[in-house]
Amino acid sequence: MNTQNLTDTAKTLAANDKGLLAMDESNPTCHKRFAKLGIPQTVEARRAYRELIVTTPGLGESISGAILYDETIRQQKKDGTPFVKVLTDAGIIPGIKVDAGAKDLAGHPGEKITEGLDGLRERLLEYFQMGARFAKWRAVIAIGDGIPSRSCIEVNAHALARYAALCQEAGLVPVVEPEVLMDGDHTLERCRAATEEVLRTVFNQLNFQRALLEGMILKPNMVLPGLICPMQESVDAVADITVNCLLRTIPAAVPGIAFLSGGQSAELASARLNAMNVRFKSRLPWALAFSFARAIQQPALEIWQGKEANVQAAQQALLHRARCNRAARRGECTAALEKT
Ligand code: 13P
């Protein structure tokens, strides 16, 4: 394992108040989002949309790494320039989603296990050769009646750690993403309890399987009340409970924590990240950053609508969200900035 390279890459991903742009939607997920806006669900539409993202001028000022999908890492701009080169030239480290998606967990109604370990060592080698320097694996944990079960948490944590160790062997920084979902009417406290148990189990497994904590990024959910829970706590309350949960569970050796947005609105995700940094930044051992997909892309996608004429305006919207999130890392994402 090249410890120094891994540590350097992980540090760079978390440095300078930048964050990650997740643009690794699988084709079915991408199509769902396109369909809602009447955008054709074709290879060319997916390619054109990803070209819009990677060619956004100035993106590298706020984004340290972009997470690609297997199709996307092999694609090029219309003029033939590979997306990996476009990103690298913009100072953005290319990353790759390597899990094969969350499937039903046998014997556990309502719960999922993420697959993709078979053949992973060989795929990681190929992605490294293609220029990727970090990877992502997402585990999904639902809250509901009697769930999450202990077994669901254990098997997902085990898979995340096996993935992380394989990534580091191949020279890729693993982004370890255990996502406790927002779906449901559960309380903030239930989300805290589930998130704490999940994170504790994930780090037990990472240590057990000899992952290098200095050479990884954690991508957790924020601690939030369920989407349809009648009690929706304030931005500051969410910031406090989230950071306290992380302080109890995440070793100081981890260089960066980059939140997923998970279905929060773009502005709310930024506001909550901002509050965490305003209230805690000077006292934290790790950087509190972002690795958003929807909360960076959604406004741009809605403007683009699959039309060439809208590309520039969509890029402006993308850049705006990226800048707001960089400001949120500094605790400087104000209402005035949001309106610019
Ligand atoms: P969201 O920010 O849209 O939750 O996506 C992050 C991600 O990469 C999910 O795996």
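Author: His 320 counts as buried because its relative accessible area is 18%, and buried means under 20%, with exposed over 50% and partly exposed in between (1.4 Å probe, protein chains only). The model is predicted, so local features need pLDDT of at least 70 and side-chain atom pairs count only at pLDDT 80 or more, while totals for chains, interfaces and linings use all residues. Residues are numbered from 1 along each chain as its sequence is written, and side-chain values use heavy atoms, with hydrogens and water left out.

His 320 sits in helix 12, which covers residues 311-330; helices (H or I, at least four residues) and strands (E, at least two) are DSSP runs, numbered from the N terminus. Once neighbours within four places in sequence are set aside, His 320 is in contact with Leu 337, Glu 338 and Thr 340, where contact means heavy atoms within 4.5 Å. Glu 51 is 269 residues from His 320 along the chain, and the C-alpha atoms of the two are separated by 18 Å.

Another buried residue is Gln 297, which counts as such because its relative accessibility is 5%. Gln 297 belongs to helix 11. Not counting residues up to four places away in sequence, Gln 297 touches Leu 21, Ala 22, Met 23, Glu 25, Tyr 49, Ile 53 and Leu 318.

Two packed helices are described by the angle between their axes and the distance between the axes. For helix 3 (residues 43-54) and helix 11 (residues 294-304), the angle is about 120 degrees and the axes are 12 Å apart. Axes here are lines fitted to C-alpha atoms, for helices over the stretch in contact, and angles run from 0 to 180 degrees between N-to-C directions. Helix 3 and helix 11 are therefore oblique to each other, since angles under 35 degrees count as roughly parallel, over 145 as roughly antiparallel, 65 to 115 as roughly perpendicular and the rest as oblique.

Helix 6 (residues 120-129) packs against helix 7 at about 40 degrees, with the axes 9 Å apart. That angle makes helix 6 oblique to helix 7, and their crossing is right-handed. Leu 120, Arg 121, Leu 124 and Phe 128 of helix 6 meet Tyr 163, Leu 166, Cys 167, Glu 169 and Ala 170 of helix 7.

Leu 172 lies in the loop between helix 7 and strand 7 (173-180). Leu 172 is buried because its relative accessibility is 0%. Leaving out residues up to four places away in sequence, Leu 172 touches Leu 6, Leu 124, Phe 128, Ala 132, Arg 133, Phe 134 and Cys 167. Phe 128 is 44 residues away along the chain from Leu 172, with 7.1 Å between their C-alpha atoms.

Now the core. The largest nonpolar core has 117 residues, and Tyr 163, Leu 206 and Leu 288 have the most contacts inside it. Helix 7 (residues 150-170) gives the most to this core, with eleven residues. A nonpolar core is a set of buried Ala, Val, Leu, Ile, Met, Phe, Trp, Tyr and Cys residues joined through side-chain atoms within 4.5 Å. Leu 206, with its neighbours within four places in sequence left aside, is in contact with Ala 161, Ala 164, Val 176, Ala 211, Leu 213 and Met 216.

Last come some backbone details. Most residues other than glycine have a negative phi, and most peptide bonds are trans. The peptide bond from Ile 147 to Pro 148 is cis, with omega near 10 degrees, and Pro 148 is in the loop between strand 6 (134-141) and helix 7. Asn 16 has a positive phi, near 55 degrees, and Asp 17 has one near 60 degrees. Asn 16 is in the loop between helix 1 (3-14) and strand 1 (19-22), and Asp 17 lies in the loop between helix 1 and strand 1. Asn 16 is exposed, with a relative accessible area of 53%, whereas Asp 17 counts as buried at 16%.

Terms used:
A crossing is left-handed if the near helix is turned anticlockwise from the far one by less than a right angle, and right-handed if clockwise.
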